[in-house]
Amino acid sequence: MSAVIESDHHDHHHGPAKGLMRWVLTTNHKDIGSMYLWFSFIMFLIGGTMALIIRAELFEPGMQIVKPEFFNQMTTMHGLIMVFGAVMPAFVGLANWLIPMMVGAPDMALPRMNNWSFWILPFAFGLLLSTLFMDGGGPNFGWTFYAPLSTTYAPPSVTFFIFAVHMMGVSSIMGAINVIATILNLRAPGMTYMKMPLFVWTWLITAFLLIAVMPVLAGVVTMMLMDIHFGTSFFNAEGGGDPVLFQHVFWFFGHPEVYIMILPAFGIASAIIPTFSRKPLFGYPSMVYATASIAILSFIVWAHHMFTVGLPLAGELFFMYATMLIAVPTGVKIFNWVATMFRGSLTFETPMLFSIAFVILFTIGGFSGLMLAIAPVDFQYHDTYFVVAHFHYVLVPGAIFSIFAAAYFWLPKWTGHMYNETLGKVHFWMSFIGLNLTFFPMHFVGLAGMPRRIPDYALQFADFNQISSVGAFIFGTTQLLFLFIVIQCIRGGKKASAQVWEGADGLEWTLPSPAPYHSFAQPPVIK
C-alpha cells in the first residue's frame, strides 16, 4: 500500500527535474495510463507514416520513390509498430486509467511493476526503430517474420529485432498480471463479477490471453535466435527442421493475439453505445459468455493462416469449421449492440459516431473473414490484397476507431474539459471516408489477383491503387486534427459537468463506489 499512498502525494516542487521525475518514478495508475496513451499515439503516427510511404510507392505502377528492399522494411515495421506499439499500449493505457475506477480500487494492484511495464516499451521500440540504421537495414521479412526469411536470409539486425520483441512480451505479461490481480483482488464491496462493466470483463479475459500466448511468441523468437547463432535447425530443412513449424508456433501466438487487439474494443463499445442510446446494454450476461467463448475458440483456429502449406484434409476441415464457429459469439455481440440502440433515445456525439462505425465496419471485416475461412477458396485469396483488406477492416474500425471513441468519451472525465464537438465530428467523418477509400478497393484488387507485400504491380491494378493511396493520405493527415483536438481539450475549454453525458449515466462506473451495470441516475430522456 505504501506505493499507492506515495503516489497520491506527487512532488509538485519547482524545477524541471522534479517535474520529470514525477513521470519517471510515478506509480499512479492515471499517470501511467496517460503515458501509455501518449506513447501509443506517437507510435501510431510513426507506423502511419510508414504506411504512407508504402501507399505513396503504390500510387502508380513502377518503382518511384523507394527501393524494393526499403519497401519491405516499411511493410514489416508498419505492421510490428501498429500491433505492438500503437494498438496494444493504447488498450493497456485505457485499462490503467479505467479499471481501478470502474471496480472501485485505489490504484492497480502492483503499482511499481506497473511503472516498469511502461518504461520497458520506449526502449523496446527505440531498439526496434534503430535497426533501420544498422548495416543491412532493418527487418525486411514481413511482420509475421516467417522463417527461413527471418533466420537464414535475414539482415544482421534481426538479433536486435528479437531482443526488442522479448522486451515487448515482458511488458505485456507484466501488464496482464497487474490487470488480473487488480480485478480479482481490489473490487469494491458489492462489485460481483456479473456487475463489472463490460470493459473490465473484456480486459480480464484479454489479460488471460496475453499470459497464455506471449510466452509462445518468446519461444518462437528464441528458436530463431538459436537457429541464427547456435547452430540449431528448428526451421532449417537441411538440418532436419521445418519452416512450417515456425508458422505453427507463430500463429498459435498470432491468432489469439488478434483477439487481444479486439476484445477491449468490444468492452469500449459496450460502455459507449448504452450511454448514447440511453438504455441499459441488451443481454449483459450473453456478452460476457460471448467474450469468453471467443477467447477459448481463438486457440483452436491458428492454422487457418496456413491453408496453403499442405495440411491434411482433416486438418483443413477442422480449422475451417472452428474458424466459422467464432462468427457465432461475435454475431451475438453485434446483435446485442444493435438491440441496445433499437428504440433508444439516440444522440450522435463523436464517441457514438465512432462506435456505430465500429459496429458496421467491423461486421464487414467479419464477413470477409468468413470468406477467408472457407479453405477451398482461401487458396485463391491467400496472400492477396483481399487479406490485407480483411484485417484492416477489422483492425482500423475495430481497434483504432474504438480507441478514438474511448478517448472522446473519457477525455472530459480525464481532463475536466469538453473537447470541441464540431472538430471531433470532422475528425470522425474524414477518418471514415479516408478509411473506406483506402481499404475497400483492396477487396477488388485482391480478388483480381494482386499479391501482398509487393512494391510494384501490373497495370490493371493501377486505378484502385490510386484510390487507396488518396484515401490513405486523407486518413493519415486527419489524425493530426485529432492531436490538435486532444491538446486543445487538455489545455482548457468548456468545463465538463459531473454528469458529462446527459441522460444515461455511462460514466457513473468511473466513480469510486460503482453502481451495477443497469442503474441509471435519472430516467431516460425521450427527445
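Before placing any residue between helices, I note that helices here are DSSP runs of at least four residues, numbered from the N terminus. With that settled, I looked up R453 and found this residue in the loop between α15 (421-447) and α16 (462-491). I also note at the outset that this is a predicted model, and I read every entry below with that in mind.

**Overall fold**

I began with the secondary structure of the protein chain, which comes to 16 helices and zero strands. I then asked how the radius of gyration sits against the value for a compact globule: with 527 residues such a globule would be near 24 Å, and the protein chain has 23 Å, which agrees. Along the principal axes I read a span of about 65 × 50 × 45 Å for the C-alpha trace.

I looked next at contacts between residues at least 6 apart in sequence, and 81% of these join residues at least 24 apart. Of the 527 residues, 57% are buried.

**Surface and charge**

I counted 20 positive and 23 negative side chains, and the centres of the two sets lie 16 Å apart.

**R453 again**

Coming back to R453, I saw that its phi is near 55 degrees, a positive value in a residue other than glycine. Is R453 buried or partly exposed? I recorded it as partly exposed, because its relative accessible area of 32% falls between the 20% and 50% cut-offs.

**The loop between α5 and α6**

I then turned to the loop between α5 (111-130) and α6 (158-185), where P148 has its place. The peptide bond leading from A147 into P148 is cis, with omega near 0 degrees. F145 is also found in the loop between α5 and α6, and although F145 is not a glycine, I read a positive phi of about 35 degrees for it. F145 counts as buried, at 1% relative accessibility.

**S298**

Where does S298 sit? I located S298 in the loop between α10 (284-297) and α11 (313-341), and I noted that this serine counts as buried because its relative accessibility is 0%, under the 20% cut-off. A polar atom of the S298 side chain lies 2.7 Å from the backbone oxygen of A295. Leaving aside neighbours within four places in sequence, I found S298 in contact with L209, H255, P256, Y259 and I326.

**T384**

My last entry concerns T384, whose place is in the loop between α13 (375-381) and α14 (385-415). T384 is buried, with a relative accessible area of 6%. Which backbone atoms lie by the side chain of T384? On one hand I found that this side chain reaches the backbone oxygen of Y381 at 2.7 Å, and on the other that one of its polar atoms lies 3.1 Å from the backbone nitrogen of F386. Not counting residues up to four places away in sequence, T384 touches G446, M450, P451 and R452.

**Looking back over the page**

Setting the two entries on polar side chains together, I note that S298 reaches the backbone oxygen of A295, while the side chain of T384 reaches that of Y381.

Notes:
Residues are numbered from 1 along each chain as its sequence is written. This is a predicted model: local features need pLDDT of at least 70, side-chain atom pairs count only at pLDDT 80 or more; totals for chains, interfaces and linings use all residues. Side-chain values use heavy atoms; hydrogens and water are left out. Helices (H or I, at least four residues) and strands (E, at least two) are DSSP runs, numbered from the N terminus. The radius of gyration is taken over C-alpha atoms; the globule rule is 2.2 Å times the number of residues to the power 0.38. Buried means under 20% relative accessible area, exposed over 50%, partly exposed in between (1.4 Å probe, protein chains only). Contact means heavy atoms within 4.5 Å. Lys and Arg count as positive and Asp and Glu as negative; His and the chain ends are not counted. The place of a charge is taken as NZ of Lys, CZ of Arg, CG of Asp or CD of Glu. A polar contact is a pair of N or O atoms within 3.5 Å; within protein, one must be able to donate a hydrogen and the other to accept it, and residues adjacent in sequence count only if both atoms are side-chain atoms.
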